[in-house]
Amino acid sequence: MRNLILLTLGFSLVGAMAQADEVKMLCRREKDSYVVTYDIVNNRLKTNNPNIPNNLLVIKRVQNDEDGILIWSAVPAFGGERDMLTLFGKEKWMKYFYGNGSEVTDKCM
């Protein structure tokens, strides 16, 4: 019984160490590309997209399920906020929502 408990504990620790601390993807917008990284441990979303200031990026909600990690975030824009959705999963994309009701989706890999 004791060996079974130790074996189970060992597999649990190995599983926890194998879990990624961050996920990353490369996204394309028109002629440019940019990298998006989500730090799971610290709940931080970062990108090198010059149109999105990382220091002002605010995560509103994170949903982690069988479809992947869906992140709702926002950045200040024109006296309000611009909402963004980011999906790290089988499908990968960044979706930007604008004040005029339009949206743009960048495909990622």
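Mentor: Buried means under 20% relative accessible area, exposed means over 50%, and partly exposed is in between, with a 1.4 Å probe and protein chains only. This is a predicted model, in which local features need pLDDT of at least 70 and side-chain atom pairs count only at pLDDT 80 or more, while totals for chains, interfaces and linings use all residues. Residues are numbered from 1 along each chain as its sequence is written, and side-chain values use heavy atoms, with hydrogens and water left out.

Trainee: Then is Trp 93 buried or exposed?

Mentor: Trp 93 counts as buried because its relative accessible area is 14%. Trp 93 belongs to strand β7, residues 92-97. Helices (H or I, at least four residues) and strands (E, at least two) are DSSP runs, numbered from the N terminus.

Trainee: What does Trp 93 touch beyond residues up to four places away in sequence?

Mentor: With contact meaning heavy atoms within 4.5 Å, Trp 93 touches Met 25, Leu 70, Leu 85, Thr 86, Leu 87, Thr 105, Asp 106 and Cys 108. The C-alpha atoms of Trp 93 and Leu 26 are separated by 9.1 Å, and these residues are 67 apart along the chain.

Trainee: Which charged residue lies over the face of Trp 93?

Mentor: Lys 95 does, at 5.2 Å from the ring centre. A charge sits over a ring if NZ of Lys or CZ of Arg is within 6 Å of the ring centre and within 35 degrees of the ring normal. Arg 29 likewise lies over the face of Tyr 96, at 4.4 Å from the ring centre.

Trainee: And how many aromatic pairs are there?

Mentor: The search of the whole structure finds 0. For that search, rings of Phe, Tyr and Trp (its six-membered ring) pair if their centres lie within 6.5 Å; planes under 30 degrees apart count as stacked, over 60 as edge-to-face and the rest as tilted.

Trainee: Let us step back. Which elements does the chain have, and in what order?

Mentor: The protein chain has 1 helix and 8 strands, and from the N terminus on they run α-β-β-β-β-β-β-β-β. Buried residues make up 28% of its 109 residues.

Trainee: How do the strands β4 to β8 pair?

Mentor: These 5 strands form an open antiparallel sheet in the order β4-β5-β6-β7-β8. Its edge strands are β4 (58-65) and β8, each pairing on one side only. Two strands pair if DSSP finds at least two bridges between them.

Trainee: What about Val 36: buried or exposed?

Mentor: Val 36, which lies in strand β2, counts as buried because its relative accessibility is 1%. Its contacts, not counting residues up to four places away in sequence, include Val 23, Met 25, Cys 27, Leu 45, Thr 86, Phe 88 and Met 94. The C-alpha atoms of Val 36 and Lys 46, 10 residues apart along the chain, are separated by 5.8 Å.

Trainee: Last topic, backbone angles. What is the phi of Glu 30?

Mentor: Most residues other than glycine have a negative phi. Glu 30, however, has a positive phi of about 50°. Glu 30 lies in the loop between β1 and β2, and it counts as exposed because its relative accessible area is 82%.

Trainee: What is the phi of Asn 43, and where is that residue found?

Mentor: The phi of Asn 43 is also positive, near 55°, and Asn 43 is found in the loop between β2 and β3. Asn 43 counts as partly exposed because its relative accessibility is 37%.
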